[in-house]
Amino acid sequence: KGLLLMLLATGSRGGARPQEVMELLPLGGDIKTYRQDLFQWEGNNLITPAGVGSDYYLGENYFEKNCMDL
């Protein structure tokens, strides 16, 4: 069992869908995806519409609280 955390931007500037990324990886078996939030570009940073920066999602505390039981 593994976990892949992706931060993907929405929109036409460098955006990608999780399915597009997963198709490029040599993975087999039952794969589940969960969208936690949406991100958009603000300058050179990815943020949510609520203003939460991507650094919050990359932090160890977020991972331990939200991803360990997946």
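Me: Which residues make the nonpolar surface patch of about 330 Å²?

Reply: A patch of this kind joins nonpolar side chains (Val, Leu, Ile, Met, Phe, Trp, Tyr) within 5 Å, taking residues with over 30% relative accessible area and no salt bridge, while like charges are joined within 9 Å. Here Leu4, Leu25, Leu27 and Ile31 form the patch, and Leu4 belongs to the segment before helix 1 (18-24). This is a predicted model, in which local features need pLDDT of at least 70 and side-chain atom pairs count only at pLDDT 80 or more, whereas totals for chains, interfaces and linings use all residues. Residues are numbered from 1 along each chain as its sequence is written, and side-chain values use heavy atoms, with hydrogens and water left out.

Me: Why does Leu4 count as partly exposed?

Reply: Buried means under 20% relative accessible area, exposed over 50%, and partly exposed in between (1.4 Å probe, protein chains only). Leu4 falls in the partly exposed class because its relative accessibility is 47%. Of the 70 residues of the protein, 16% count as buried.

Me: What pattern does the protein follow along the sequence?

Reply: Helices (H or I, at least four residues) and strands (E, at least two) are DSSP runs, numbered from the N terminus. Three helices and two strands are present in the protein, and their order along the sequence is α-β-β-α-α.

Me: Where is Thr48 placed, and is Thr48 buried or exposed?

Reply: Thr48 sits in the loop between strand 2 (45-47) and helix 2, and counts as buried because its relative accessible area is 1%. Contact means heavy atoms within 4.5 Å; leaving aside its neighbours within four places in sequence, Thr48 is in contact with Asp37, Leu38, Phe39, Gln40 and Tyr57.

Me: Which residues is Ser54 in contact with, leaving aside its neighbours within four places in sequence?

Reply: Ser54, found in helix 2 (residues 54-58), is in contact with Leu7, Phe39 and Leu46 when those neighbours are left aside. With a relative accessibility of 17%, Ser54 is therefore buried.

Me: How many salt bridges does a search of the whole structure find?

Reply: Side chains of opposite charge can pair when their charged atoms come close. A salt bridge is a side-chain nitrogen of Lys or Arg within 4 Å of a carboxyl oxygen of Asp or Glu. The search of the whole structure gives one, in which the side chains of Arg17 and Glu20 meet at 3.6 Å, N to O, and Glu20 is partly exposed at a relative accessible area of 37%.

Conventions: Areas by Shrake-Rupley, 256 points an atom, 1.4 Å probe, with all protein chains shown as cover.
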